Structures are given as C-alpha cells and as structure tokens.
Amino acid sequence: KLLSVLRRRCDIAGKRLSGPGLAAEGRVLRAVLYVYHSRLLRHRPYLALQQVEQCLKRLWKMNLVGCLETLVELIPKKNASKAHEECLVPSQPMLETVSLKVLGGCKLILRLLDCCCKAFLLSVKHLCSKEFILLNTVASGLLSRLWFVIQYRCVLQTLTSLYGALWTMLHLVSETQQAPYIKGFTFPSDISDFLGVNVSSEAKKQKAKMLITKKSTSWMKKLFPAMPEAVSKVGKKRKSETCTSAVKNHSIPCPVDIGETVV
C-alpha cells in the first residue's frame, strides 16, 4: 500500500513539475531579460527578474523530474506485488538521494515564490512612478502568472506530501537493512521544520500582499486617467474623420509622436 502511494505521488509531482506552464513562463522570462539586458543593467525590477530566472534555472538543473522517474521505475507495479509475498523496494541510498532533492526543490520553490512576490511589488512601484512602463507592465503580468502557475498547480504542496511518503518508506527500509548513503544529515520527519515556514500560510500572506499593492496603488488609473466626456467625444469624432480620409486617399496619416500631449 505504501509503495502504491509513493508511486502515485511521484507521478503527480513529475507531471506538475514538467507541465507546460512553468516551461512557457520560463521561456518568456528569458526572452524579456535578453531584450532588456543592455538597457537596464542597474534597474531594480530587472535585477529582481534576474533572481527569479536564477531560481528557475537552478530548479531545472536539479533534474528533479528525472530523479522521480528513476524512482518510479524501481517501484514494483501492483501485479508484481500481488503475485509474490516479497517484492523488491528502492534501496536506502536511492530514497535518501530523492528525499534530499525533494527537500532542496521545496526550499528552492519557496525562494522562487518569494522572489516573484518581491519583483512584482517592485515592478508595480516603478510602474506607478512611470519608469519603463512597457517593461514593468510585462514583468508584473509575467510574475503574477508564474506565481499563479506554481500555486494553482500546487507544485510546492505536492512535493511536501511526496516527502512525507518518502520519509515513511525511508524509515522502514533503514530499519530493515541499514545502508546509509548520506552521512551527517538527519532527514526531518516534518518538512515544515526544515522549510521554517508553513507552506499554505506563506502563500496566503504573499497573495494578500500582492492584492493589497494592486488596490492601494491603482496604477492603471494613474497611468490612464479618465477623460472628460466632451474631450472623449471630440477625440472619437476626429478619429472617425481621420479614418474616413485615410480610406478615401488610400494613404496612412502621419503618426503622432507619443511624447506629445494629444487633446
């Protein structure tokens, strides 16, 4: 029963880590950093974005998905366990290695969420100051999506539940046959003690902080104030006249400089 639970949790964790959401957001983040590399080397939101990208890069280099797939291959299937009274189980060194990677992955994802929250707050702050509007708009949307993907897909929660099954299996295997591989480190029975925070409460705090920042700053209203009704009617009339003349003359009117105020 414990082997089937461990197998199922490894499959779920592998699917959620290798889902298209994290990979897509990572590619977009790298593209944004590449475009703005030569212009914003000392811009604070850009430096915060670099920290987010560094966390993502380290998460992929851990190869946690490949490690979980290897562990699943070592776990016997249901038919094999029913056919024989005894069955092979993963060794203690293998369980210790995967457990250590899961612990590191949880710590790294927690750091990634924290970096996303800080970078989002910085982007909104500089957006309200009307600095690098395009970059900060793209960055705030990207960071909120990345944070949402990790929370909505329950990546961190899945890894914490997986560690619980790993620790139970590791405890039973080590009692049967002592073969420690990682020495000088005691695997915690409760992952919250290792992480130092409660996962669900930390996520709620970050979400509340991001929502409060959105409401208090109301940056969209600051950047795009509501136009008076008379001015908006004049603007619509001029726009329709310009479009009509352009269609008649089969030519595009000269573009207006976006730096100049248009009434």
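Asparagine 63 is partly exposed, with a relative accessible area of 46% (buried is under 20%, exposed over 50%, partly exposed in between; 1.4 Å probe, protein chains only). The model is predicted: local features need pLDDT of at least 70, side-chain atom pairs count only at pLDDT 80 or more, and totals for chains, interfaces and linings use all residues. Residues are numbered from 1 along each chain as its sequence is written, and side-chain values use heavy atoms, with hydrogens and water left out.

Asparagine 63 lies in the loop between helix H3 (44–61) and helix H4 (64–74). Helices are DSSP runs (H or I, at least four residues), numbered from the N terminus. The phi of asparagine 63 is positive, about 55 degrees, although the residue is not a glycine. Most residues other than glycine have a negative phi.

Helix H2 (residues 20–35) has 16 residues. At 1.5 Å a residue, these should span 22 Å (1.5 Å times one less than the number of residues). The end C-alpha atoms are 23 Å apart, which agrees. Buried in H2 are Leu22, Glu25, Gly26, Leu29, Val32 and Leu33. They lie on the same side of H2, because they cover an arc of only 125 degrees around the axis (taken from the directions from the helix axis to the C-beta atoms). These buried residues pack against helix H1 (2–17), H3 and helix H7 (133–152) (contact means heavy atoms within 4.5 Å). The face turned away from the buried side of H2 carries the exposed residues Pro20, Arg27 and Tyr34.

The charged end of lysine 107 sits over the ring of phenylalanine 194, 5.4 Å from its centre (NZ of Lys or CZ of Arg within 6 Å of the ring centre and within 35 degrees of the ring normal).

Key. Helices (H or I, at least four residues) and strands (E, at least two) are DSSP runs, numbered from the N terminus.
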